[in-house]
Amino acid sequence: MSDPLRLLVDRIPTPLGELAVVADTGGQLRAVDWSDHDDRLHRLFGRHYGPGRYSLEPASNPAGLTAALAAYFEGELAAIETLPVATGGTEFQRIVWSELRRIPCGTSISYSELARRIGRPAAVRAVGLANGANPVGIVVPCHRVIGANGTLTGYGGGIERKRWLLAHEGIAGQGQFDLT
């Protein structure tokens, strides 16, 4: 039996609450989640790596990832665009997550458009589920996906955080939805 996957966790304050930044020892981002959802983070790692098959150790700015996320929240939106990520998940989920990274900052798309972009136009619900299971929110920008009618729909961190992130990225004022 191999040793558990060693993960490094740092936490930073943001305008939306404390954010947990989890990296592996190779400097790849494994998860980003709000500290008030730590239980969800542990469930995710248990599903992806197996119960007891990972350890979380406190670290300061692993591989510069925390600093990049802090810069994003300070207005340097491009600071997170090329961060290296490594996720578990199914092949379908990884395809969806990869496509999420292609949504430019300052824009949003619908779940149906995301399904179309991955070549599975009838898989809108599956795309929504994969979007919701994204372990690297913000960096893999699941918040940029909205309802077909332009409404803000689910976000694991809460709809108010989604609203804030979209406004922070300059999507407010495009007439798609009310960010106030």
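Reader: Which residues of helix α5 are buried?
Author: In this predicted model, V127, A130 and N131 are buried in α5, residues 124-132. Buried means under 20% relative accessible area and exposed over 50%, with a 1.4 Å probe and protein chains only. Helices are DSSP runs of H or I with at least four residues, and strands are runs of E with at least two.

Reader: Why are they on the same side of α5?
Author: Because they cover an arc of only 100 degrees around the axis, taken from the directions from the helix axis to the C-beta atoms.

Reader: And what's on the face turned away from the buried side?
Author: The exposed residues R125, L129 and G132.

Reader: What do the buried ones pack against?
Author: α3 (91-100), α4 (111-117) and β6 (145-146). Contact here means heavy atoms within 4.5 Å.

Reader: New topic, the largest pocket. Which residues lie nearest its centre?
Author: D33, R40, G132, N134 and G156, out of 24 lining residues. A pocket is an open set of points on a 1 Å grid over the protein atoms alone, where a 1.4 Å probe fits, with protein on both sides within 12 Å along at least five of seven lines; lining residues have an atom within 4 Å of a point.

Reader: Which element gives the largest share of the lining?
Author: α1, with five residues. β3 (29-34), α1 (38-49) and α5 each supply at least two.

Reader: Where does the pocket lie relative to the domains?
Author: Domain 1 (5-74) and domain 2 (91-169) both give residues to the lining, so the largest pocket lies between them. The domain bounds come from an automatic or database assignment.

Note on methods
Residues are numbered from 1 along each chain as its sequence is written. This is a predicted model: local features need pLDDT of at least 70, side-chain atom pairs count only at pLDDT 80 or more; totals for chains, interfaces and linings use all residues. Side-chain values use heavy atoms; hydrogens and water are left out.
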